[in-house]
Amino acid sequence: MVDIHTHVLFRFDDGPKTLDESLALLEKTAASGVTDVVSTSHYYSAHMSAEEFTERRTKRLAELREAVETRKIPVRLYHGAEVYIDKLILNLKSLNDLCFEGTNSILLEIPHTATDLNEVLHLIDRILSYYNVQPVIAHVERYEFFFKKMKNLRYLHDMGCVIQADTRCFLEGFCDKLFAFKALKEGYIDVIASDCHDTVKRPPDLAQAYAAIRKKAGEEAIAHLQENARLLLSPSVH
């Protein structure tokens with residue numbers, strides 16, 4: 001399994017606070033059957049330059065990779081970022097260093113306070129126009145303009161975006177599960193990811209979500225989601 005949205009880097013954002021916490025998170029991830037993990041720490045262009053972000057990320061990821069090898073945890077780590085969408089993003093010369101390692105797939109986070117879908121779509125369209133990237137829109141279940149009107153997700157597909165849902169919406173909450181399984185059935189959900197931050201409150205539960213999906217939607221749905229996750233790490237498809 002491939003997990004394309006995680007917060008596993010220690011002392012970086014709201015994920016693990018220590019190296020040991022990062023390792024515990026990755027051990028639990030590996031034990032569930034996940035083999036490939038994209039580290040997508042939050043990136044806010046208003047708070048930090050892309051250069052500073054990538055420099056800090058490279059150093060921290062090198063430490064984590066060394067510790068993973070020492071502990072013999074059977075996961076491959078890829079760099080990435082969860083990029084907050086705002087107008088300042090358009091000032092960057094390139095988004096390449098914020099993409100999933102070796103690809104042009106980039107995880108984009110719509111602001112939680114966003115209420116105007118047209119404004120959001122316009123920003124995404126400008127990102128697509130300015131940069132050679134494949135947008136992956138994170139945890140779409142969180143936004144009212146999608147949650148209350150699922151058909152709005154088609155605008156993202158029409159633009160060429162990949163739609164990601166968090167695993168928790170398939171596992172917790174009646175309304176969340178209702179939305180998630182219906183969106184999956186309607187073909188709006190392309191990939192799922194754990195968005196894990198720790199081992200307890202926001203754990204790496206990709207395997208549990210796949211099990212729930214298998215029970216309700218069958219093996220074909222699982223194969224589709226897993227293939228899409230793998231393709232996002234394959235430079236040959238972009």
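Predicted model: local features only at pLDDT ≥ 70, side-chain atom pairs only at ≥ 80, totals over all residues.
**Asp-36 and its strand**

I started at Asp-36, which sits opposite Arg-76 in β4. Residues are numbered from 1 along each chain as its sequence is written, and side-chain values use heavy atoms, with hydrogens and water left out.

Next I checked which way the β2 side chains go. Asp-36 and Val-38 point one way, Val-37 and Ser-39 the other, and all are buried (under 20% relative accessible area, with exposed over 50% and partly exposed in between, 1.4 Å probe, protein chains only).

I looked up the strand order: it is β1-β2-β4, an open sheet of 3 strands with parallel pairing. Strands here are DSSP runs of E, at least two residues, and helices are runs of H or I, at least four residues, numbered from the N terminus; two strands pair if DSSP finds at least two bridges between them. β1 (2-6) and β4 (76-79) are the edges, each with a single partner strand, so one side of each has no neighbour in the sheet.

Bridge counts: β2 (residues 36-39) and β4 have 4, and β1 and β2 have 3. From β1 the chain goes through helix α1 (residues 19-31) to β2, and I noted the β-α-β crossover as right-handed (clockwise from the first strand over the helix to the second, with the strands pointing away from the viewer).

**Cores**

Which residues touch the most other members of the largest nonpolar core? They are Tyr-43 and Leu-156, in a core of 71 residues. A core here is a set of buried Ala, Val, Leu, Ile, Met, Phe, Trp, Tyr and Cys residues joined through side-chain atoms within 4.5 Å. A second, separate core has 14 residues, including Val-38, Tyr-78, Val-191 and Ala-193. Val-38 also stands opposite Tyr-78 in β4.

**Positive phi**

Most residues other than glycine have a negative phi. His-139 has phi near 30°, in the loop between β7 (134-137) and α4 (144-147), and counts as buried at 0% relative accessibility. Asp-195 has a positive phi of about 50°. I found Asp-195 in the loop between β9 (191-193) and α7 (206-217), buried with a relative accessible area of 2%.
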